[in-house]
Amino acid sequence: MEEPVLPSLPYPAADGVVHSENELQLVIAALAGIATIIVLIVWKKVHPFLALTLGSAVLALIAGIPLADTFTSFSKGLGSTVGSVGTLIAFGAIIGKLLIESGGADRIVDTILDKTPAARLPWAMAIIAFVIGIPLFFEVGVVLLIPVVMLVARKANLPLVLVGIPALAGLSALHGLVPPHPGPLIAIDALGADLGITLGLGLLVAIPTVIISGPLIAPMMARWVPIDAKAPLGEATNEDSLKRPSFATSIFVVLLPVILMLGRTLVETLMGEQSNSWVYQGADFLGQPIVALLITVLVAILLFGVVPGRSADEISSIVGASLGPIAGILLIVGAGGGFKQTLVDSGIATIIASWIEQAAVPALIAGWLVAVAVRLATGSATVATITAAGIMAPLAGQMPPVEAALLVLAIGAGSVFLSHVNDAGFWMVKEYFGMTVGETFKTWSLMETVLSVVAGVTVVILGALFGVL
């Protein structure tokens, strides 16, 4: 008679990582690792990079991974994440910096505002934020747009919240749903989703999300918090105004990576796997995320640097200046990848995924709920995305491409739910707008909640339409 295997004995996973077979022990390990991250970030104010590293160590040790292999999975996940996602984030930062320094971002803003009547200004601010939010990180977009919001509100004699909330909604929706922002890229990498499909569906989800959480609810918030705009935080000088790129050039650079990546998806959909066709091969190459963004970087250097007459040293200085501020982001993203890999290699993610499957909770809803829970606990959209993607990764392996992309978006939607006092973005908006904590909850926090729910519902509707729910 064959001897039963004791559940507490360690066993090697498919990838060679040894860990406990006891499900309860593994679940406790996951909870302890997540709790460690939450405590360190929220109460001890430890940098997320260190918190994720220490949380991964706690998880690995309790999961029965040998002491010598504590950081094996973490190192593997960090390396693969930075190698895939980190390069794209760096390219995005370069494009954003060139857009700002050249005056291209100002050109987009000025052109849209010049053609917009006062009654439509909230809609104009949402459109501006939506467009320039594609290549810019959320924090950079906020710093760039706040002076514009202040100026518009003062010139049009409108409440600050009326034009500010639509701008924040546009930036936040793009930040949570659309690559090349860090959150969506992390989830795409963890779940093995197709970037082109995710990008197209992300833009589709973002449009109604921004409309409802921005221009439509802003008038109500403006009645609750009828504050006036302060003096602008700073206005651009006109010394380089003649060298500013045109509106068409600026928009072209912003949308170029989107066009290349969506083009690849469209060709693959229409032509199938016709790998011998030069059209297919060309679209497949140009639409790869790293190629699309590298091409856009080179085009941005040409149109925003060389054509206006900047020297090679000036262009190099701009590119260099764009990389310093993202060092922290890259480390957090990398550590998040390490934590995700530890979750997966320890077998915990497989157990939780099987429970979700047995509970008959649709994967899209489960992904949103997990991301919401971690977001509320840590205040970090990135940590929420990393954790939820790691937990949902085993389920994604069986999914068709559209469902995997929608799962990325469901997690992204949940990751921005109810920004409150443990989120740096909460305090950034509060200080820039000159609001009290209560007023910030009535405006920014409410907007983030509405945005998260609308995006989540839209994802579920798309899932039903595509027959994957």
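**Salt bridges and buried residues in a predicted model**

Biologist: Arg244 forms a salt bridge with Asp110; how far apart are the closest N and O atoms of this pair?

Modeller: Residues are numbered from 1 along each chain as its sequence is written, and this is a predicted model, in which local features need pLDDT of at least 70 and side-chain atom pairs count only at pLDDT 80 or more, while totals for chains, interfaces and linings use all residues. Side-chain values use heavy atoms, with hydrogens and water left out. A salt bridge is a side-chain nitrogen of Lys or Arg within 4 Å of a carboxyl oxygen of Asp or Glu. For Arg244 and Asp110, the separation of the closest N and O atoms is 3.1 Å.

Biologist: How many residues apart in sequence are the parts that this pair ties together?

Modeller: Arg244 lies in the loop between α10 (218-224) and α11 (247-271), whereas Asp110 belongs to helix α4 (residues 104-114); helices (H or I, at least four residues) and strands (E, at least two) are DSSP runs, numbered from the N terminus. Because the two residues sit in these separate elements, the pair ties together parts whose distance in sequence is 134 residues.

Biologist: Is Arg244 buried, partly exposed or exposed?

Modeller: Buried means under 20% relative accessible area, exposed means over 50%, and partly exposed lies in between (1.4 Å probe, protein chains only). Arg244 has 22% relative accessibility, so Arg244 counts as partly exposed.

Biologist: Which residue forms a salt bridge with Glu448?

Modeller: The closest N and O atoms of this pair are 3.4 Å apart. The pair links distant parts of the chain, 73 residues apart, with Glu448 in helix α21 (residues 437-465) and the partner in helix α17 (residues 363-378).

Biologist: With which side chain does the side chain of Ser172 make a polar contact?

Modeller: Ser172 lies in helix α7 (residues 160-177) and counts as buried because its relative accessibility is 2%. A polar contact is a pair of N or O atoms within 3.5 Å; within protein, one must be able to donate a hydrogen and the other to accept it, and residues adjacent in sequence count only if both atoms are side-chain atoms. At 2.5 Å, the side chain that Ser172 meets in this way is that of Glu448.

Biologist: Is Gly192 buried or exposed?

Modeller: Gly192 is placed in the loop between α8 (182-191) and α9 (195-216). Its relative accessible area is 61%, and therefore Gly192 is exposed.

Biologist: What share of the residues of the protein chain counts as buried?

Modeller: The secondary structure of the chain comes to 21 helices and two strands, and its C-alpha atoms fill a box of roughly 85 × 60 × 45 Å along the principal axes. Of the 469 residues, the share that counts as buried is 55%.
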